[in-house]
Amino acid sequence: MPTSPPRVIVIGAGFGGLCLAHGLKRAGIAVDVYERDRTRADGLHGYRVGIDPDGARALKASLPPDLFDTFAATCARPPRRLTMVSEKLRTTLDIPFDPGSDPAESEHSVSRMTLRQVLLTGLEDTVHFDKAFTHYQQHDDGTVTAHFADGGSATGDLLVAADGANSRVRRQYLPHAQVLDSGIIGLTAKVPLTDATRDLLPEHVRMGVGLVMAPRGFGGILHTMEFKWDRDGTLKHDVGGNDAELISRWPGLLYDNTRDYINWAIWAAKGKFPADVLTRRGRDVADLALRLTPGWHPNLRRLMDLSDDSSAFAINIRTSVPVAPWRPSPVTLLGDAIHTMTPGQGVGANTALRDAVLLCRKLTAHRDGQLPLLEAVGEYETRMRDYGYRAVLASRERMNAEALIHKPYIGRAALGLQRTMLRTVNHTPPLKRKFTAQMAGTRGSGREE
């Protein structure tokens with residue numbers, strides 16, 4: 001027999017929480033999102049996120065069709081290849097991406113700010129800003145109440161923690177669930193894209209995602225983000241048809257400061273950085289990057305020197321520790337609130353979107369009388385822990401300070417071996433096809449769920 005739809009409270013207006021809210025609204029399930037930011041434009045959301053087929057399918061399943069089309073229209077030019085280079089900009093591996101014809105099965109590059117504005121569109125009455133969560137209470141009737149720093153509260157049938165790696169909900173609900181340092185520190189900034197900065201990167205690196213493998217355990221990444229609007233927010237002359245109409249009618253552009261840029265980042269084991277690295281901002285970050293990379297190609301160093309100081313910061317790379325299953329309750333978690341992962345595989349945001357669509361499906365089954373609420377939550381958590389913790393461990397393997405690449409002496413030998421293997425793959429078509437297929441599988445290509 002059908003049951004009354006549950007009332008869902010989501011803590012956190014990140015990608016996963018907002019995607020879930022859209023899906024629940026479309027399913028006719030009452031949902032409210034509570035966000036600690038004061039306005040929809042607050043926070044640091046201006047850097048690239050790669051949306052892979054897992055993430056794209058989740059957005060397609062959750063968003064109204066016209067909003068999914070707006071998402072596709074507001075993405076940057078899609079990456080056409082993955083290129084691994086040395087610190088001297090010498091190519092070791094160059095893999096083309098299949099652009100695909102279906103936006104729900106393709107790779108996308110999007111600004112975090114832009115994606116957040118897309119996801120906020122249509123949720124004006126659902127998202128409540130300036131609501132800092134403090135704690136929750138469970139009641140004998142099965143409901144749960146969230147309390148906020150302003151003295152307000154909200155009661156529902158299910159509380160969803162979508163409040164990120166420092167989740168206050170997780171801290172109360174699963175206090176033993178740890179998020180630890182990976183031992184890796186990163187520095188990053190944006191550089192405005194101009195004719196001069198464009199020419200600093202080889203075309204095959206500029207047209208895709210560039211990964212730098214350097215001595216002493218240093219790594220880096222390069223993203224060139226080109227959008228369909230100019231610096232003043234007007235559409236570029238070569239944008240026409242449906243995309244132009246969608247962008248011109250999209251209210252999110254009013255709150256989006258995204259403009260064409262190159263994003264660079266470098267990282268290494270914590271011991272390679274000064275003790276106060278995480279307190280540094282702005283020009284200090286770019287200057288530190290230059291001091292740490294004296295032997296890198298002059299063009300890469302020039303990019304660092306031209307950084308927009310307001311965009312530069314240092315980051316401590318952290319990772320969750322998988323925990324044993326817990327008993328389902330009217331509280332659950334998604335995204336970084338339960339499976340924070342390093343950027344080693346580039347799937348953190350996509351895994352949160354995957355959580356959102358899975359949880360929405362289970363709650364829809366509950367709405368239709370197919371599952372009791374706690375059974376629906378339990379089925380979601382079982383599946384989420386499986387793929388989520390696998391992604392955590394795989395991402396940690398790619399980016400942790402204990403890897404051989406970070407060790408004195410042996411690290412140089414390990415780097416040489418890696419480069420030799422990658423060059424072999426690059427020049428051996430069967431190996432290159434196999435490597436490409438494995439990479440696509442990791443990012444959800446062809447996955448059916």
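This is a predicted model: local features need pLDDT of at least 70, side-chain atom pairs count only at pLDDT 80 or more; totals for chains, interfaces and linings use all residues.
Two strands count as paired if DSSP finds at least two bridges between them.

Zoom in on S8 and strand S9 (residues 144-148): they run antiparallel and are joined by 5 bridges. To find one of these on screen, go to Gln138, whose bridge partner in S9 is Val144.

Now for some helix packing. The axes of helix H1 (residues 15-26) and helix H12 (residues 348-367) come within 8 Å and cross at roughly 30°. Angles under 35 degrees count as roughly parallel, so H1 and H12 are roughly parallel to each other. Their crossing is right-handed. On the H1 side, the contact is made by Phe15, Gly16, Cys19, Leu20, Gly23 and Leu24; H12 brings Ala349, Ala352, Leu353, Ala356, Leu359, Cys360 and Leu363. Sort the residues of this contact by type and you get 11 nonpolar, 2 polar and no charged. As for the spacing along each helix, an α-helix has 3.6 residues a turn, so residues three or four places apart point the same way.

Last stop: helix H15 (residues 429-442). Its 14 residues reach 20 Å from the first C-alpha to the last, close to the 20 Å expected at 1.5 Å a residue. After H15 comes Gly444, with a positive phi near 90°.

Key. Residues are numbered from 1 along each chain as its sequence is written. Side-chain values use heavy atoms; hydrogens and water are left out. Helices (H or I, at least four residues) and strands (E, at least two) are DSSP runs, numbered from the N terminus. The expected span of a helix is 1.5 Å times one less than its number of residues. Axes are lines fitted to C-alpha atoms, for helices over the stretch in contact, and angles run from 0 to 180 degrees between N-to-C directions. Angles under 35 degrees count as roughly parallel, over 145 as roughly antiparallel, 65 to 115 as roughly perpendicular and the rest as oblique. A crossing is left-handed if the near helix is turned anticlockwise from the far one by less than a right angle, and right-handed if clockwise. Contact means heavy atoms within 4.5 Å. Ala, Val, Leu, Ile, Met, Phe, Trp, Tyr, Cys and Pro count as nonpolar, Asp, Glu, Lys and Arg as charged, and the others, Gly among them, as polar.
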